[in-house]
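This report reviews selected features of one protein model, from charge pairing to backbone geometry. The sequence and structure are shown first.

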Amino acid sequence: MRRLGIILFVICAGVVGLVFAALIGGWFFVRSSLPPLSGELTAEGLVAELTINRDSLGVPTIRAASLRDAVFGQGFVHGQDRFFQMDLLRRLVSGEMAALVGEPALSSDRQFRPYGYRRAAEFHLAELDPAERDLLEAYVDGVNAGLASLSRLPPEYLVLRVDPEPWQPVDTMLSFLYFYIGLSTHYQSERHLRPLYDALPDELADFLTPDASRFDAPVFGASTEDPTGGYEPAAIPGPDVVDLRNRSAASPWPIPDAVALDFGPQPGGSNAWAIRGEDGSTLLANDPHLAISVPGIWYRVQLEWGQSRVLGVSPPGLPGVFVGMSRTLAWGVSAAIVDQTDLVEVELDPDDPLRYRVPGGWDTLVVRDEELVVRGASSRTLQTRETRWGPILFTGDDDVPLALRSPAFDPGGITLRQLAILEGTGIEDLVQALRELGGPGLSILMADREGKIGWVVSGVLPRREGFSGRRPVSFATPGVGWAGVRDEEDRPVLILDEPGRLHTANQRLLPLPESRELSHLWMPPFRATRIHDVTGREAFGTGIEASHDLQLDTRSLLHEPLRQIALEAIPEDPEDERLDSLRVYLRDWDGNASSGSPHFRAVVRSGSQMLNGVLSPLLAPVRVEAPSFRYTWELSHEPALRILEEQPDHLLPAGYPDWDRYIQGLLLLAFETLETPDGDGLSTPWGEDNRLSAQHPFGQISPALGRFLNLPSHRQPGWSGTVRASSPTYGQSFRMVARPGDFQTATFQMPGGQSGHLMSRYYQRGHWAWADGTPARLEPGPSEYSLTLLPDP
């Protein structure tokens, strides 16, 4: 037995040794795919020698002889550090993901292939300005040279056991089209407005979908006397329109399901402001709000050529600096929320389903059998249909096909005019370039060293005829549809050369009724109003620290009126002790969304139940008629607050003697959601509900891999309605504050790190400055590594 034990020990030790050796070997094998950061390399496509210096965070400074070579260098570092991320993006947009990762991605391909974005990308590529095409070719050459510089493939390809396909110019156009998916989304709301208006009286449907809010703070055109730019409280529909009393399951307003409806406000948005001080100094602050993922959406870079110096960020896959600063300028972006898209009701011929009605007659659908290539399995076939207005994407609950009308498919829908920003010297240069920038509508703020600040809305602005664009309509009627684009004189542009401030936070841009020419749907203006109020203080000025602190502000404007209404509904000595406990937490809230605050958590849960409690009964008929209906109207707080403030008898759900009792019932539901298994739910801080969950694509599939690949989970302050916007998966994708030309004082923080490689020292370096709100520098630090690229002889 002793001998057997020795034998087993030797065997086990050998196995452990082999496993350990395999792990060590695997570690060295994967580590060998890290990019070279120093020495000399030759690169095909490069015209003259350039150097790439990286600082302690991995931020590259690219010094080149020309702008073309600088853009080549930018492509090179993107290819070294983020190629797998770029590959996923091009495949997502084109609906070709399953060819890389297999059957799990088929649902994604079925969703995106019908858009036809690959054909659109090829069209826009052929239409590019020659100068832009030349810079694009340089960038593409750089990407492929960066990928080729790796000794081994990025680790994701080693896991998948596939070779990456080279980057092509069309792939950059696909990457640009991705922003239409995320930012030009009005058609998604239109999809759900059809059943809303079909099931409800127009007066009630209008009330539930306002385009103005009491919190509004337009970018331009408001006054001291009317800071909201034309907001007036909407009249609540009377009992002749809707009456919730004495309902039954068979009444026009049935008792709603116990399951809450999905309603806004949804997470989203961005903040930006520009300030011109009394002394002529200027400042630009920007924090775009996007999904927080691993690797991150942005990549930092500093480009230097000749006398030019530009630093900032861009998404890997796209050349240029989308947000940043130069010796004379600083610029930032936020989504403009202008309405660039429509859903078109397609009238099919009942005798021939391939024909559809058009003005003056019929046209034939373009039908394609698309091959969905699936790695490791047989291909699938997906049939797509396309009209002269765009692809058919949806079918309503009434079986009406709905086609997408979007500038993504039109001439000028995508350009690379953002590259002109790199050589701009003044605000006028930027405005001219951005007027011609295709893509989704962006609110772009600017500041220059000459004492000017400016604002322009970029992107294609369609001109509609015969309809408002608010709801889907048929384009078969003559005189209904798009009639080209709006005149340039109608594009919102503003340049200030006197003391003042501009701010954009996805709110309504202009006063009523002018704003309705641009959109009927805007993001909740809580952030915009807070920025407007704080930057308007006399002592605010153009100091970096004040703007950085504002980016971390967590004052929640929405929850204050909800808290007051809840407190007024709870009697001094409530019969239910749970209400008494909840009242204490509501009463003691300090107005901020602090991560350690259990009071804010109680306010959020209470407010959500109250908003849902007054809106769900009104929306119940829509859910009955259209089971797929979702109420995601961004300004849903406005009708809910109107009802909670006025408390009309005819909108009090049956079974309750008065509104106080109904609100108390909603608060008790909120109390139940606050409970935890240990029974101490009220003391749980808000940050526990708002922990960061930023995942790598492989980390989403495997929790074991996620422990190594995902960003660390930690409590976060804020929510989507505070300046410091946050949610577990969405928030400030970076923060930047800069004065044009003042590189040394500019601040910047970004979640995650520069590199997409797990074993890179730059994979998460810099993350905690973002998480903690530490004002780290935008300007790269001293060089740790230097790589020289030489033209391939």
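## Salt bridges

A salt bridge is counted here where a side-chain nitrogen of Lys or Arg lies within 4 Å of a carboxyl oxygen of Asp or Glu. The model is a predicted one, and a search of the whole structure finds 51 salt bridges. Side chains of opposite charge can pair when their charged atoms come close.

Arginine 355 is classed as partly exposed because its relative accessibility is 30%, a value between the limits of 20% and 50%. Aspartate 349 has a relative accessibility of 8% and therefore counts as buried.

Arginine 761 forms a salt bridge with glutamate 784, and the closest N and O atoms are 3.8 Å apart. Distant parts of the chain are linked by this pair: arginine 761 is in the loop between strand S26 (747-749) and helix H22 (767-772), whereas glutamate 784 is in the loop between H22 and strand S27 (785-791), 23 residues apart. With 43% relative accessibility, arginine 761 counts as partly exposed; glutamate 784, at 39%, also counts as partly exposed. Elsewhere, a network of salt bridges links Arg63, Glu304, Arg309, Arg777 and Glu779.

In soluble globular proteins, nonpolar side chains tend to be buried together. The largest nonpolar core of this model has 135 residues, of which Tyr117, Leu177, Met446, Trp455 and Leu509 touch the most other members. Helix H2 (residues 67-94) supplies the largest share of this core, with 12 residues.

## Negative surface patch

Which residues gather in a patch of negative charge on the surface? They are Asp202, Glu203, Asp206 and Asp240. Aspartate 240 is located in the loop between helix H10 (202-208) and strand S4 (270-276). Its relative accessibility is 71%, so aspartate 240 counts as exposed.

## Backbone geometry

Most residues other than glycine have a negative phi, and most peptide bonds are trans. Valine 294 and proline 295 are joined by a cis peptide bond with omega of about -5 degrees. Proline 295 is situated in the loop between strand S5 (282-291) and strand S6 (299-305). The peptide bond from leucine 512 to proline 513 is likewise cis, with omega near 0 degrees, and proline 513 lies in the loop between strand S23 (500-504) and helix H12 (526-535).

Arginine 161 has a positive phi, near 60 degrees. This residue is in the loop between helix H7 (155-160) and H8, and arginine 161 is exposed, with a relative accessible area of 73%. Glutamine 647 also has a positive phi, near 50 degrees, and is found in the loop between helix H17 (637-646) and helix H18 (659-674). Because its relative accessibility is 25%, glutamine 647 counts as partly exposed.

Key. Residues numbered from 1 in each chain as written. Predicted model: local features only at pLDDT ≥ 70, side-chain atom pairs only at ≥ 80, totals over all residues. Heavy atoms only, no water. Core = buried A, V, L, I, M, F, W, Y, C linked by side-chain atoms within 4.5 Å. Buried < 20%, exposed > 50% of the residue type's maximum accessible area, 1.4 Å probe, protein only. Helix = DSSP H or I, 4+ residues; strand = E, 2+ residues; numbered from the N terminus. Patch = residues over 30% accessible without salt bridge, like charges linked within 9 Å, V, L, I, M, F, W, Y side chains within 5 Å. Areas by Shrake-Rupley, 256 points an atom, 1.4 Å probe, with all protein chains shown as cover. Lys, Arg positive; Asp, Glu negative; His and termini not counted. Charge placed at Lys NZ, Arg CZ, Asp CG, Glu CD.
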